[in-house]
Amino acid sequence: MAVYAIAFIAYAIDLARRSAVAASAADAAAAASLASSADSATVGTPATVGAPATVGAAAGGPAPAPGVPSKGGRGAASAAPIDGASVAYGRSPSLRVAVAMTVLAWLLHLAADITRGLAAGRVPWANMYEFALTGTLIITTVYLLVLVVSKHDLRFLGTFITGLVLVLLGIATVNFYVSVVPLPPALQSAWLVIHVFVATSAVGFLALGFALSVVQLMQSRRETMLATAKQVKRSFLATLPNSATLENLAYRVTIIGFILWTFTLMAGAIWAEAAWGRYWGWDTKEVWTFIIWVVYAGYIHARATRGWRGSRSAWLAIIGFSTVMFNFTVVNLFFKGLHAYSGL
């Protein structure tokens with residue numbers, strides 16, 4: 001957790017640096033605009049007739065801001081921001097440190113998960129503490145995997161991901177920790193490996209979609225204020241992809257999570273038939289697993305067929321992940337049933 005905390009701090013420092021870059025770009029753009037207006041006012045006056053043209057290119061004039069195309073279109077390609085961001089942003093030392101610390105934390109996390117499994121003599125996800133330990137490991141794994149395979153630079157999500165992992169690990173360590181105990185008879189099945197591992201993998205992708213949706217809402221609000229010519233605080237959001245790009249990314253990773261959750265629901269029904277002689281019994285855990293599936297199915301359907309784009313789709317994704325967290329915490333702790341395997 002200490003290494004995750006260092007990574008979180010480094011990501012937060014990077015966000016602060018992004019805000020500074022956005023502010024500098026805005027100041028430079030304003031200075032360039034004033035210089036352009038002044039140059040335009042002097043063109044054609046008696047003092048400058050016949051003199052070399054200096055409009056927008058006076059020596060010693062303000063340099064184009066990072067991410068702000070130079071006048072006349074020249075240099076726009078080299079200075080153009082990526083992913084629809086309004087201000088270009090490169091690699092910062094703090095961001096490199098943050099990713100390195102995240103990888104180190106992931107390795108230590110993996111070692112802790114493996115040693116817990118070796119101590120138990122089984123897969124390490126038979127109670128709430130072990131599920132939290134493995135689930136947060138999967139969330140970090142999905143984040144690092146997306147950094148490798150995605151064409152978009154999503155390292156800015158590190159603050160949200162490491163923050164979420166820190167909170168969940170802290171709660172699990174303080175409130176959910178239990179010693180290794182033998183498995184109940186109903187859990188002594190190969191389905192424990194399949195069903196729970198797929199469920200944790202689904203949570204990893206849904207968590208990433210949740211983080212993207214939160215940033216999307218923030219970016220959408222900023223874009224709305226810009227469109228209505230309102231005063232906008234110079235923040236790190238200017239260096240991030242636009243809300244449409246964030247929404248598309250959130251939709252893609254959420255679909256993967258939904259597919260995995262669908263398999264979780266089906267595998268759970270098959271396991272229930274093998275353990276208790278029925279596929280469905282309206283147990284509290286079964287009901288909430290189905291509720292999660294319905295919420296995300298509604299999100300995908302509404303966005304694909306009803307045109308629910310923008311903030312409405314983001315809120316649906318956030319509500320969906322809230323039901324996942326409710327299922328893991330409140331349902332496990334306060335509702336009794338055949339799935340009462342919290343270990344507390």
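Modeller: Start at Ala202. Leaving out residues up to four places away in sequence, Ala202 touches Gly257, Leu260 and Trp261. Ala202 sits in helix H6, which covers residues 191-227. Is Ala202 buried or exposed? Ala202 has 0% relative accessibility, so it counts as buried; the cut-off for buried is under 20% relative accessible area. Phe263 is 61 residues away along the chain, yet the C-alpha atoms of Ala202 and Phe263 are separated by 9.4 Å.

Keep in mind that this is a predicted model. The mean pLDDT of the chain is 80, and 77% of the residues score at least 70. Over residues 44-80, pLDDT stays under 50. The model has 33 contacts beyond four places in sequence for that stretch.

Now the overall plan. The chain has nine helices and zero strands. It has 344 residues, and 44% of them count as buried. Take the contacts between residues at least 6 apart in sequence: 79% of these join residues at least 24 apart.

Next, look at helices H3 and H4. Arg116 and Glu130 form a salt bridge, with their closest N and O atoms 2.9 Å apart. Arg116 is in helix H3 and Glu130 is in helix H4, so the pair ties together parts that are 14 residues apart in sequence. Both partners are covered. Arg116 counts as buried because its relative accessibility is 8%. Glu130 is buried too, at 0%.

Thr134 is also in helix H4, which spans residues 128-149. Its side chain makes a polar contact of 3.0 Å with the side chain of Asp113. Beyond four places in sequence, Thr134 is in contact with Asp113, Pro124 and Trp125. With 2% relative accessibility, Thr134 counts as buried.

The structure holds six salt bridges. One of them joins the side chains of Arg18 and Asp14, at 2.9 Å from N to O. Arg18 and Asp14 both lie in helix H1 (residues 2-42), four residues apart, or about one turn of the helix. Arg18 and Asp14 are both buried. Another salt bridge links Arg155 and Asp153, where the closest N and O atoms are 2.7 Å apart.

Finish on the surface. The accessible surface of the chain is about 16800 Å², and 69% of it belongs to carbon and sulfur atoms. A nonpolar surface patch is formed by Ile270, Tyr279, Trp280, Trp282, Phe290 and Val294. Together they have about 620 Å² of accessible area. Trp280 lies in the loop between helix H7 (243-276) and helix H8 (284-305). Trp280 is partly exposed, with a relative accessible area of 31%. Trp282 lies in the loop between H7 and H8 as well. Trp282 is exposed, at 61%. Its phi is near 55°, a positive value in a residue other than glycine. Most residues other than glycine have a negative phi.

Key
Residues are numbered from 1 along each chain as its sequence is written. Side-chain values use heavy atoms; hydrogens and water are left out. pLDDT is the predictor's confidence in each residue, from 0 to 100. Contact means heavy atoms within 4.5 Å. Helices (H or I, at least four residues) and strands (E, at least two) are DSSP runs, numbered from the N terminus. Buried means under 20% relative accessible area, exposed over 50%, partly exposed in between (1.4 Å probe, protein chains only). A polar contact is a pair of N or O atoms within 3.5 Å; within protein, one must be able to donate a hydrogen and the other to accept it, and residues adjacent in sequence count only if both atoms are side-chain atoms. Patches are made of residues with over 30% relative accessible area and no salt bridge: like charges are joined within 9 Å, nonpolar side chains (Val, Leu, Ile, Met, Phe, Trp, Tyr) within 5 Å. Accessible areas come from the Shrake-Rupley method with a 1.4 Å probe; for residues, only the protein chains shown count as cover. A salt bridge is a side-chain nitrogen of Lys or Arg within 4 Å of a carboxyl oxygen of Asp or Glu.
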